[in-house]
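User: I would like to go through some of the labels given to this model and ask what each one rests on.

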Amino acid sequence: MEKRKAVWPWVVVGVVAVGGAGWWLFRDDVAQLRQSAALTSPPENATAIATPTSPTPAAAEQPTTPLHPLDAAADAALPALADSDDPVLQALAGLFPTDALALLLREHVIQRVVVHVDNLTQPSMPSSAMAVRPAPGSLVVEPGTDGGEQLAAANAARYAPWVDAFTRADASAVAGAYVRFYPLVQQAYRDIGHPEGHFNDRLVAVIDHLLQTPEPARPLAVEPDGKGKYRFVDPALQSLSVGQKALLRMDMAQQQAVKKQLRAIRAAITRG
């Protein structure tokens with residue numbers, strides 16, 4: 001958790017479902033995106049997030065027959081992946097308020113979100129794998145009852161615009177846009193190193209992973225790690241993935257609302 005700034009990963013969680021949506025801007029180099037997708041981060045230690053160096057599981061481990069096939073019919077009007085940014089952004093604008101898309105990096109949108117989603121189950125995420133800019137404002141902490149620090153309830157107000165935009169979106173419409181662009185999403189997924197993989201299977205697995213995020217009573221105790229970030233005091237919470245820890249930064253009502261919408265989207269992109 002950044003002491004000064006925190007990413008709004010739940011924005012990406014929502015945008016992920018339509019194949020659309022860093023801590024900071026970086027060069028829009030598709031080769032760099034491929035490299036990011038081929039890396040996985042080691043577990044966070046007590047003081048820092050290490051630079052990823054190990055390859056992800058080999059593409060051969062992916063099933064060749066999709067577990068969750070999509071009926072994505074060929075669409076002659078679909079652009080090439082390299083020319084897809086404008087159509088994807090237009091589709092997103094019809095699903096989410098303009099303000100909710102303000103953090104989205106707007107070049108190589110599909111490629112970025114595919115890499116981002118593929119990393120949400122990791123303990124940490126390299127900046128080159130991110131698909132959004134930093135959120136305005138700062139993570140708020142306050143004194144805890146035991147003399148330590150805890151996440152402040154005031155953070156919920158900071159997260160509210162993005163959480164509301166995601167949870168109020170029509171899940172069926174979101175899924176419909178995702179299915180429309182799915183051939184490009186699938187192409188991007190295979191381009192980054194999963195030649196036998198199926199992105200919809202990966203998306204369902206990531207959603208299931210996020211739905212398993214625990215719901216401990218708030219407030220949650222945190223402590224500085226000595227390098228300008230905060231970590232959860234509870235080792236079990238600190239060991240969770242970057243996506244699950246994003247959900248924990250919300251208040252309980254927000255976390256449950258996001259999970260409800262994720263279930264609706266999952267139902268819309270699977271056959272049961």
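Analyst: The expected span of a helix is 1.5 Å times one less than its number of residues. Helices (H or I, at least four residues) and strands (E, at least two) are DSSP runs, numbered from the N terminus. This is a predicted model, in which local features need pLDDT of at least 70, side-chain atom pairs count only at pLDDT 80 or more, and totals for chains, interfaces and linings use all residues. Residues are numbered from 1 along each chain as its sequence is written, and side-chain values use heavy atoms, with hydrogens and water left out.

User: How do you know that the span of helix H7 agrees with its number of residues?

Analyst: Helix H7 covers residues 199–211, 13 residues, which should span 18 Å at 1.5 Å a residue; the end C-alpha atoms are 18 Å apart, so the two values agree.

User: What makes H7 mostly covered?

Analyst: Of its 13 residues, 11 are buried; buried means under 20% relative accessible area, exposed over 50%, partly exposed in between (1.4 Å probe, protein chains only). Among the buried residues of H7 are Phe 199, Leu 203, Ile 207 and Leu 211.

User: Why is Gln 150 called buried?

Analyst: Its relative accessible area is 13%, and therefore Gln 150 is under the 20% limit. Gln 150 is found in strand E4. With contact taken as heavy atoms within 4.5 Å, and residues up to four places away in sequence not counted, Gln 150 touches residues including Val 141, Pro 143, Leu 220 and Val 222.

User: What makes E3 and E4 a pair?

Analyst: Two strands pair if DSSP finds at least two bridges between them. E3 and strand E4 (residues 149–151) have three bridges, in the antiparallel sense. Pro 143 stands opposite Glu 149 in E4.

User: Why are Tyr 178 and Tyr 182 called an edge-to-face aromatic pair?

Analyst: Rings of Phe, Tyr and Trp (its six-membered ring) pair if their centres lie within 6.5 Å; planes under 30 degrees apart count as stacked, over 60 as edge-to-face and the rest as tilted. Tyr 178 and Tyr 182 are 5.6 Å centre to centre with 75° between the planes, so they are a pair and edge-to-face. Both lie in helix H6 (residues 171–191), four residues apart, about one turn of the helix. Tyr 178 is buried at 0% relative accessible area, and Tyr 182 counts as buried at 10%.
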